[in-house]
Amino acid sequence: HSCTDTAGNVDWYTSFRDFFPQAEGWLTGTNPPPPDGPGPGTTTCPAAKAFQDNPEILQNLRTLRDQGLLKTAWGKPVVDAYYAAAPYLARLVDWSPVARDTFKMAAAPFAALGAKLS
């Protein structure tokens with residue numbers, strides 16, 4: 001890039017004004033990042049947090065886990081991986097409405113499979 005010949009310069013930056021709404025919570029402290037661990041007495045199960053208002057879907061997910069995944073050789077590592085990530089996912093679901101909605105959308109097909117196993 002040349003400061004005197006700007007014809008070939010490419011600027012990948014944007015105005016801070018355009019970026020600020022996305023970063024405002026972190027910069028002002030009104031929407032801090034999730035804590036390092038769950039609060040006292042809280043669950044580390046993201047599904048329980050996301051579907052606390054819909055116990056039927058939560059039960060369908062448990063049915064898929066118990067009646068489907070845990071009965072297969074390939075399903076057990078999937079369940080283990082989910083529970084390894086669960087504390088982080090639970091904090092994220094607690095902290096961010098977007099993460100909670102995304103988790104719900106991603107879990108919906110699995111809950112439908114669990115309903116079929118009931």
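Student: By class, what residues does the lining of the largest pocket have?
Tutor: That lining has 15 nonpolar, no polar and two charged residues. This is a predicted model, where local features need pLDDT of at least 70, side-chain atom pairs count only at pLDDT 80 or more, and totals for chains, interfaces and linings use all residues. Residues are numbered from 1 along each chain as its sequence is written, and side-chain values use heavy atoms, with hydrogens and water left out.
Student: How much space lies in that pocket?
Tutor: About 450 Å³. A pocket here is an open set of points on a 1 Å grid over the protein atoms alone, where a 1.4 Å probe fits, with protein on both sides within 12 Å along at least five of seven lines; lining residues have an atom within 4 Å of a point.
Student: Which helix gives the most to the lining?
Tutor: α3 does, with five residues. α3 (55-68), α4 (75-95) and α5 (97-117) each supply at least two.
Student: Switching topic: how many helices and strands are there in the chain?
Tutor: Five helices and zero strands. Both are DSSP runs, helices being H or I with at least four residues and strands E with at least two, numbered from the N terminus.
Student: What percentage of the chain counts as buried?
Tutor: 24% of its 118 residues, with buried meaning under 20% relative accessible area (1.4 Å probe, protein chains only).

Conventions:
Grid points are joined across faces, edges and corners, and a volume is the space filled by probe spheres set on the points. Ala, Val, Leu, Ile, Met, Phe, Trp, Tyr, Cys and Pro count as nonpolar, Asp, Glu, Lys and Arg as charged, and the others, Gly among them, as polar. Buried means under 20% relative accessible area, exposed over 50%, partly exposed in between (1.4 Å probe, protein chains only).
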